Amino acid sequence: MTPEEAKTSPLILHGFPVSNYYNKIKLALQLKQIPFHEEKASPSREEAYLEKNPLGFIPVLQVGNRYLSETQAIAEFLEEVWPEPGLLPEDVLARANIRRAVSYIENYIDAPLRRLAYQRGGEQIPEPPELRDEIERALAALGRIGLFSPWFQGNAVSWADVVAFVTLVPVDELYQKLIGDSPIRQAAWFGSYMAHLHGQPLFAAIEAERQKVRKVLRRAQNMAAGQENPRFLGLR
Ligand SMILES: N[C@@H](CCC(=O)N[C@@H](CS)C(=O)NCC(=O)O)C(=O)O
């Protein structure tokens, strides 16, 4: 597919707006002013879904009648086809630094906590010995490589800000809920940086939608567990 063909193909983002990976691509599409539609999809190992995302994850970006998955691959596709407005700076080392920040956040903060959360099913647990250390190490590393003035890389929004916002806000919440005393909110750079990101209308809208959908899901789960009366939910 040529860049021109990609540019003129309709885009559909499949997934659910409580997923940080879904929200990463959604927010980037909005910041880059690329038109797209959304279609609800859940992770699945059904054969038909594996055709769209061979790992069975969300999100999937549909480009015409083709399907693309893995958000870093999607991110690079978007930058190649729609370089303007870019979410990467001109300076090639600054670009690499942003990719490095994305890796720190996804591989060393999100991934270890997520594995634990899936294993433990959401109930409060004692802090696993290496987890806090691993996450604090990545937070300190981010503190060393980011400017946070006010954006991660200085004066322009980038993929690092998108990924930091859609990942660190929910992961901090999850750490607090699962283990307590989240090290994320304690990182020296976190508070004022997140306040800046929350102050951006597109970022704030992503978070508002996540909260709204989460609330509906939680009530639906409670209802399924017989804890809440469906009449109050407007869900019948
Ligand atoms: N590395 C993947 C991660 C995507 C991912 O973990 N998606 C989660 C939702 S936030 C998922 O689909 N999980 C289902 C599962 O683990 O089976 C990407 O960048 O797209």
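Two strands count as paired here if DSSP finds at least two bridges between them. With that in hand, let's look around this predicted model, starting with its sheet.

**The sheet**

Four strands make up an open sheet, and they line up in the order β2-β1-β3-β4 with mixed pairing. At the edges stand β2 (37-40) and β4; each has a single partner strand, so one side of each is left without a neighbour in the sheet. Going from one strand to the next, the twist averages 25 degrees. As background, strands of a sheet pair through backbone hydrogen bonds, and they can do so parallel or antiparallel.

| Strand | Partner | Sense | Bridges |
|---|---|---|---|
| β1 (residues 11-15) | β3 (residues 60-63) | antiparallel | 4 bridges |
| β3 | β4 (residues 66-69) | antiparallel | 4 bridges |

Which residue of β3 is the bridge partner of Leu 11? That's Val 63. Val 63 also has a bridge partner in β4, namely Arg 66. Gln 62, meanwhile, is bridged to Tyr 67 in β4.

Now for the helices. Two packed helices are described by the angle between their axes and the distance between the axes. For helix α2 (residues 20-31) and helix α9 (residues 201-224), the axes come within 10 Å and cross at roughly 145 degrees. Is that crossing left-handed or right-handed? It is right-handed.

On the α2 side, the contact involves Asn 23, Lys 26, Leu 27, Gln 30 and Leu 31. They meet Leu 202, Phe 203, Ile 206 and Arg 210 in α9. Sorted by class, this contact has 5 nonpolar, 2 polar and 2 charged residues.

Methods. Residues are numbered from 1 along each chain as its sequence is written. This is a predicted model: local features need pLDDT of at least 70, side-chain atom pairs count only at pLDDT 80 or more; totals for chains, interfaces and linings use all residues. Axes are lines fitted to C-alpha atoms, for helices over the stretch in contact, and angles run from 0 to 180 degrees between N-to-C directions. Helices (H or I, at least four residues) and strands (E, at least two) are DSSP runs, numbered from the N terminus. A crossing is left-handed if the near helix is turned anticlockwise from the far one by less than a right angle, and right-handed if clockwise. Two residues are in contact if their C-beta atoms, placed from the backbone, lie within 7 Å. Ala, Val, Leu, Ile, Met, Phe, Trp, Tyr, Cys and Pro count as nonpolar, Asp, Glu, Lys and Arg as charged, and the others, Gly among them, as polar.
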